[in-house]
Amino acid sequence: MRKFLIVISLLVSTNLFAQKSHFTPSPNCVEAYNKMVSFRIGEARAAISAEIKTDPYNHLIILLQNYEDFFKLCFKDDPDLYKRRLAFREKRLNFLNNSDKKSPYYRLSKAIIYLQWSLIHLKYKENFKAANDFRKAHGLLRDNKKLFPNFAETDIFYGGQKAIIGTVPQEYQWITNLMGFKGNIGQGMKMVKRGIDSNPPLFKDEGIFYYIYLNEILLNDSKKAFRLLQTYNVDDKNIYLNTFMTSNLMLNNFRSAEALSIIQNRNKSSAYIQPIIFDYALGVAYLQTSEFEKAIPYLKKYLTSKSYFYKKDATLKIAYAYYLMGEQNLSDSYKEKIKRTGTTITDMDKQAQKVAKQPSFGNKNLLRGRLLFDGGSFTECLAILEDETLKNNLGETENLEWDYRLARAYDETNKTAQAIAFYKKTLSADNPTEEYYPARAALQLAYIYEQQGKTALATTYFNRVLGIEGHEYKTSLDQKAKSGLLRIQGQ
């Protein structure tokens, strides 16, 4: 690597590099990209080395080298590596400045590097740097779209940005306007799909990744997201980017057993880097399928990582497992550890911190019902929650949660009338401890009415979500409500 950078520097200084540079998606570059998204980093590096020997003036090499940092830093969670690799970001961008500026890959390559580093910065709590790199990427992609309107590769990344910007809450839109951002979910989604359908030699796997996730998160269309897995014949066994995506979709949609199967059946060749997030996901999935003894080792392994995210939540889930196993002392020990573990950056970690301050985990049947629901065992969940005798001696907050969990279970088992009744009961109840249940109940009511074509009622409840303050899931639920309002408005 060092020898290659020295050679590049000499070439730049004599202007030879700038005169001869080009961007060509050669077979070596395509292979390197495919290996990168598979997380076979060593093999990707070998393909890049082969391209350097064959054609050192191909500047796609520089972009592909950044992919290694991107995947390692985002999926291996190493703050020390982040500090060491940060200097390479600027060097790569400087090299690209001496490239063929007439190529549509010139601005696109710089934009992708900025986009990747915006996500890396966000991962390592550098929010200002993340926003600045996101802004620079947006400007480059906008310009590239104007200069090369038929270069579909731009659409994959520019469309993704447009869709995401379109969901920025109203109170923050002055920032996007100030930065010149113009978002539109529908337009952005169409752009991403157009980029995929052009069958580009590079970036198609990322395009599919973004398109499926955007359907899931922004459009609240899980059914379409799952259909797209089949449409694009997503390989979640050999391409780890897809392993991460599909297992995450399963966990988010109450299909824990399937998440377990996907992660466990992935190709475990030593050629792959192993993301620590898989251990967290396995721990969560085992917990939600009532295999508590299997969940604990994976969650404990995740706690040994250097990640800033989900550590409080993982600690809470270990405490839950011990609690339901009857190991009260161990449960209390891990409950206490939540307060001094990890950060409160994510909504889930904020919620874990809040739970840690409560005197106990409360009713075991309520907790068991919640976990069964999260894992997709809706019938078993209902069997617990519909037993009125189990509700005896519940506290005010537990009664609120019980009604909310019952509404969710009715919702997922297509008992819509009962679900609506209990969601409304949740919304009307007192909420002195500012739990997230009323906000989520309002969101679910909005979804129901949106599906029924009752847009006025859906709008009312999406706005109810935005009006509920103080709970730990404010950021994520507001984003979902904002997306819903934009869908209704056809944006």
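The model is predicted, with local features needing pLDDT of at least 70 and side-chain atom pairs counting only at pLDDT 80 or more, while totals for chains, interfaces and linings use all residues. Residues are numbered from 1 along each chain as its sequence is written, and side-chain values use heavy atoms, with hydrogens and water left out.

Gln-288 lies in helix H16 (residues 277-288); helices are DSSP runs of H or I with at least four residues, strands are runs of E with at least two, and both are numbered from the N terminus. Gln-288 counts as buried because its relative accessibility is 9%, where buried means under 20% relative accessible area, exposed over 50% and partly exposed in between (1.4 Å probe, protein chains only). Its side chain makes a polar contact of 2.6 Å with the side chain of Ser-256. A polar contact is a pair of N or O atoms within 3.5 Å; within protein, one must be able to donate a hydrogen and the other to accept it, and residues adjacent in sequence count only if both atoms are side-chain atoms.

Helix H11 (residues 185-197) has 13 residues and spans 18 Å from first to last C-alpha, close to the expected 18 Å at 1.5 Å a residue, the expectation being 1.5 Å times one less than the number of residues. Its buried residues include Ile-185, Gly-188, Met-189, Met-191, Val-192, Gly-195 and Ile-196. These residues are on the same side of H11 because they cover an arc of only 160 degrees around the axis, taken from the directions from the helix axis to the C-beta atoms. The cover over the buried residues of H11 includes helices H8 (127-147), H9 (152-165), H12 (204-217) and H27 (474-488). At the start of H11, a side-chain oxygen of Asn-184 comes to within 3.2 Å of the backbone nitrogen of Gly-186. Just after H11, Asn-199 has a positive phi of about 55 degrees.

The protein chain has 27 helices and 0 strands. Of its 491 residues, 56% count as buried.

Conventions: Contact means heavy atoms within 4.5 Å.
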